[in-house]
Amino acid sequence: MRTERQKIIERSLVSEGSNVMKQKKRIVLTGGGTAGHVTPNIALLPLLKEHDYEVFYIGSKTGIEKELITEQEIPYYEISSGKLRRYLDVKNFTDPFRVIKGYAEAKHLMKKLKPDVVFSKGGFVSVPVVFAARKYNIPVIIHESDMTPGLANKLAIPKAEKVCCNFPETKKYLPEGKAVVTGSPIRAELMQGSRERGLKLCGFSEDKPTVMVVGGSKGSVHVNEVIREALPELLKRYQVVHLCGYGNKDEELENKTGYKQFEYVKGELRHIFAAAEVVVSRAGANSICELVALKKPNVLIPLPLSASRGDQLLNAASFEKQGFSFVVKEEDADEPFNAETVIKAVDSVYSNREKYIEAMEKSNAYDAVSTIFSMINDIASGNA
C-alpha cells in the first residue's frame, strides 16, 4: 500500500513523462551562517539525488555551511558575504561592499550553473543568490523557520515564488498566495539512532536517565556556565551529555563521571538523541522541530531580546502553549536564570515526560521533505 509520502512525490513526478533521456534538472541550494540554515538543505539531498537532480550549493567562504556541505560530496561554490545589521557597527561600512561583490559572484554562478530552481534556507549569504536568480528569471523557493521572518528573508521574500514556513502564525507576515506551511525538513538519519550506541559513546550506563544539553552550533557561554554550575546536583540523579560548541570545553571536567562534553557532533548526534530522556536546548526553529519529530521532552532556553530579535522567544512560547516544552527565560524578572532554575525545570520535565511525549504525538506532523520536494519539482518542471 502506498504511503502518503509516496503519493505526494508521485503527483509531482507524473508530469515529467516517460522520456528517460530528458536532461537532468538542476537546483542550487543556499543558506548559511549557522547550522540551522544548512541542515534542512541537507535533509533534502537524499530525495533530490534519488530523483536524479544535479545539486549545487552556494555559500560563504568561512561559514559553517562550507564544512557541512563539503561532507555531502556535492559541488560547493563560495561567494563574498556581509551581514546587514540594524545596529551600529564598524563593519556596517565594509559589509555592503562584500554584499555587492557577492551579488556579482552569484550572477556569474547563475549563468554558469543554469539552475532550474533555487532553494534558499536563509542567512545573509542567501540574499545575493536570491537576487541573482531573480535577475535571470530563475524561480526561487524560500524556507522561513521562525515565527517571523528575519532581515535576510525579508529582503529575499519579494523575489520568491513560494515561501515555506513552520508555523501557521507565520502566514500573516508573508505575501498572500506565497506562503505554504510545510514544517521543517528533518534529516532522516536523526530518526535512526541507537540508544545503546549513544550511551556507549558517552561512557554512560543504564542506571540513570540521560539529559542532553544543546547550546547550538556556536554554543552559548551563559547556558554552558549555568549547566556546569548545576552539575553537582544534576549528576545525583542524571547523566549529562553537553554539546557546548567550538572552543567551549572545560578541561577540568573532561573526566568527570556521568558528564560528557563535545564541542560538536555529526553522525553521532542521532545516537546521542536516542540515549536522551530530556533535552535542554536553545529555541532555534529547526532545532525544536527536530525535538518534536523525535518526541523528546525538553527544556527550552530561548535567546533573550538583548542577544536576538526575539524570534526564539516566539518559537518557545508557541511550543510551550502546545504542551511540547518547558520554557526558562534568561531575562525573567520573576525568576532569575541560574543553576537552581535549570535543575527544577529538568526535574519537572523528567517527572512529566509522558505528558510531553503525548502532546507531541498528537501534533500535526508535516512530512516537510516530501512536501518541499514536490514544490521544487513542480517549479523546476514549469508546472507551478
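Analyst: Starting with a charge and a ring: Lys 355 lies over the face of Tyr 356, 5.1 Å from the ring centre. To count, NZ of Lys or CZ of Arg must be within 6 Å of the ring centre and within 35 degrees of the ring normal. Keep in mind that this is a predicted model, where local features need pLDDT of at least 70, side-chain atom pairs count only at pLDDT 80 or more, and totals for chains, interfaces and linings use all residues. Residues are numbered from 1 along each chain as its sequence is written, and side-chain values use heavy atoms, leaving out hydrogens and water.

User: Which ring does the charged end of Arg 353 sit over?

Analyst: The charged end of Arg 353 is 4.0 Å from the centre of the ring in question. That ring belongs to Tyr 350.

User: How are the rings of Tyr 57 and Tyr 76 arranged?

Analyst: Rings of Phe, Tyr and Trp (its six-membered ring) pair if their centres lie within 6.5 Å; planes under 30 degrees apart count as stacked, over 60 as edge-to-face and the rest as tilted. Tyr 57 and Tyr 76 are 5.9 Å apart centre to centre, with 10 degrees between the planes. So by that definition the pair is stacked.

User: In E4, which residue is the bridge partner of Ile 27?

Analyst: Strands here are DSSP runs of at least two residues, numbered from the N terminus. Strand E1 (residues 26–30) pairs with E4 in the parallel sense over four bridges, where pairing takes at least two DSSP bridges. Within E4, the partner of Ile 27 is Val 117.
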